[in-house]
Amino acid sequence: MMEWTMTEHAVLGPLPPIALNPEQVEFVAVAFEGPDPYAQAGGLGVRMTGLVRALASRGFRVHFFFIGDPALPGVETEGSLTLYRWGQWISRYHLEGVYAAEYEKKADLDQSLPAFIVEQIAKPARQAGRRVAILTEEWQTAETAIRISDLLHHAGLRNSAAILWNANHRMGLGQIDFSRLGYVATITTVSRFMRQLLGQHGVNAVVIPNGIDSDWFHEPARAEVERLRRLFSRPLLVKVGRFDPDKRWITAVEAVAVLKARGFRPTLVLRGGMEPHGAEVFGRARSLGLTVVELTMPGTPSREEVLSQLEALGPDADVVHLRTFLPKDMLRLLYRAADAVLVQSGFEPFGLVGLEVMASGGIAITGGTGEDYARAFRNGLIADDDDPRRLADLVACAMSSKELRRDLVREGRRTARTYHWDRILDELLAQISLAFSRQGGQ
């Protein structure tokens, strides 16, 4: 009987990866956030929507479960992509957004979704000769992933499924049983910075970056860019994100005040969220003598509707608060027209907005944590502290030289193309192939 040794294993090498194609594999994705405005509170909804649509564009069958708008159909099909708006019976009593009644929605996901996936997706896939790759996102789905694995074992289907769990943020990491999760799933994350944070929980995660879709590379019409620029004094600054102290909103409004004191006439156009930190941000702005104007529009207004409302505001505001859902084409226009887009977070797991700015032809001022793609004075600018004077200096720098702006835009767009979903999917599919190989792929 041959004795197995580590040396002999090294000589033999790892099992070969399994090639993935739509005839052999279908996908299940599970996250709280998704494509509906109701289901988008940050970058996760954008990431997941881009990911599942990129997979579907390659011909894979994709089942995407998320906490969606309770007024929309529970199940909706877009080609080979099927959307499942889970927990609508809870959401219809909590219309504020995806994270209202978060723990109730998580409990419902844990209890009801695993059996549905096993019975309605995994079993039919196995009967059709296909494997299932299950992609779960963030702390709310960790227990769901574990329960899916347990039910697959019970049904004799575990070897025909690969489970990945991805961390986009540090929120909720302390609530996860990583010893169990790491046993049933390949743990991934979106940046080297996040990988280090997961290492503090004893986790050795695989880094697979976020991606962006082709829409971000569509150039806004020059006439619309000039139209938007004419509405405001210079510099025109833009900031988009949740009202989270990590996003350094206070630093942003303080930098506006610094620029104003230096003789500039800055305008900060911002869109935040429903978080209470927003009240602190606007309180600080007003205490600095800045004029704050709000623009509220219900529903999902078009780009033209938003532009028309901005024109009606007039040019006198220092801070313009957009309390409305912004379509992607409006965001592209804002990013392209701005002298700088402030994405200078103190804690940023990846920095998806910074990449979107680069793809749109804008100038991003990022922070210095998870933005692995950022290179100071090559494809953008970096503010790695919370000093508003430093941020004001970078804004002035972004305005100082046409040659510098041209170089930053050119290199930024080149960087963004390396994060197109087509390229990122190749990395993801390779990791899924290895996951199937490790468990025998039967």
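Which residues touch the most other members of the largest nonpolar core?

1. **The largest core.** This is a predicted model. Its largest nonpolar core has 117 residues. Phe-27, Trp-165, Leu-181, Leu-310 and Ile-432 touch the most other members. Helix α16, residues 421-438, gives the most to this core. That contribution is eight residues.

2. **A second core.** There is also a separate core of 32 residues. Among its members are Leu-237, Val-253, Leu-268 and Ala-285.

3. **Phe-27 up close.** Phe-27 lies in strand β1, which covers residues 25-30. Its relative accessible area is 1%, so Phe-27 counts as buried. Leave aside the neighbours within four places in sequence, and Phe-27 is in contact with Leu-55, Phe-60, Arg-61, Val-62, His-63, Ala-133, Leu-135, Leu-429 and Ile-432. Ile-432 is also one of the core residues that touch the most other members.

4. **Overall build.** The protein has 16 helices and 15 strands. Its radius of gyration is 23 Å, close to the 22 Å that the globule rule gives for 442 residues, so the protein is as compact as a globular protein of that length. Along the principal axes, the C-alpha trace spans about 85 × 50 × 40 Å. Buried residues make up 57% of the 442 residues. Now take the contacts between residues at least 6 apart in sequence: 71% of them join residues at least 24 apart.

5. **The cavity.** How many cavities of 30 Å³ or more does a search of the whole structure find? The search finds one. About 100 Å³ of space lies in this largest cavity. The lining consists of Arg-47, Leu-51, Leu-135, Thr-136, Glu-137, Leu-164, Trp-165, Asn-166, Thr-188, Ile-208, Trp-421 and Leu-428. By class, that makes seven nonpolar, three polar and two charged residues. Four elements each supply at least two lining residues: α2 (43-57), β5, β6 (161-167) and α16. Trp-165 lines the cavity and is one of the core residues that touch the most other members. Leu-135 also lines the cavity and is in contact with Phe-27.

6. **The second largest pocket.** This pocket has a volume of about 290 Å³. Its lining is Arg-229, Arg-234, Arg-336, Asp-339, Gly-361, Met-399, Ser-401, Lys-402, Arg-405, Arg-406, Val-409 and Arg-410. What classes do these residues fall into? Eight are charged, two are polar and two are nonpolar. Helix α15, residues 402-417, gives the largest share of the lining, with five residues.

7. Glu-411 lies in helix α15. Beyond the neighbours within four places in sequence, Glu-411 is in contact with Arg-378 and Asn-379. Glu-411 and Arg-230 are 181 residues apart in sequence and 27 Å apart in space, C-alpha to C-alpha.

8. **Helix α12.** Is this helix mostly covered or mostly open? Helix α12, residues 328-337, is mostly covered. Seven of its ten residues are buried. They are Met-330, Leu-331, Arg-332, Leu-333, Leu-334, Tyr-335 and Ala-337. In an α-helix there are 3.6 residues a turn, so residues three or four places apart point the same way. The buried residues of α12 include Leu-331 and Leu-334.

9. **Two backbone points to check.** Ala-101 has a phi near 60°, a positive value in a residue other than glycine. Ala-101 sits in the loop between α3 (88-91) and α4 (102-127). Glu-138 also has a positive phi, near 70°, and is likewise a residue other than glycine. Glu-138 is found in the loop between β5 (131-137) and α5 (142-154). Is Glu-138 buried or exposed? Its relative accessibility is 9%, so Glu-138 counts as buried.

Key. Residues are numbered from 1 along each chain as its sequence is written. This is a predicted model: local features need pLDDT of at least 70, side-chain atom pairs count only at pLDDT 80 or more; totals for chains, interfaces and linings use all residues. Side-chain values use heavy atoms; hydrogens and water are left out. A nonpolar core is a set of buried Ala, Val, Leu, Ile, Met, Phe, Trp, Tyr and Cys residues joined through side-chain atoms within 4.5 Å. Buried means under 20% relative accessible area, exposed over 50%, partly exposed in between (1.4 Å probe, protein chains only). Contact means heavy atoms within 4.5 Å. On a 1 Å grid over the protein atoms alone, a cavity is a set of points where a 1.4 Å probe fits but cannot get out, and a pocket is an open set with protein on both sides within 12 Å along at least five of seven lines; lining residues have an atom within 4 Å of a point. Grid points are joined across faces, edges and corners, and a volume is the space filled by probe spheres set on the points. Ala, Val, Leu, Ile, Met, Phe, Trp, Tyr, Cys and Pro count as nonpolar, Asp, Glu, Lys and Arg as charged, and the others, Gly among them, as polar. The radius of gyration is taken over C-alpha atoms; the globule rule is 2.2 Å times the number of residues to the power 0.38.
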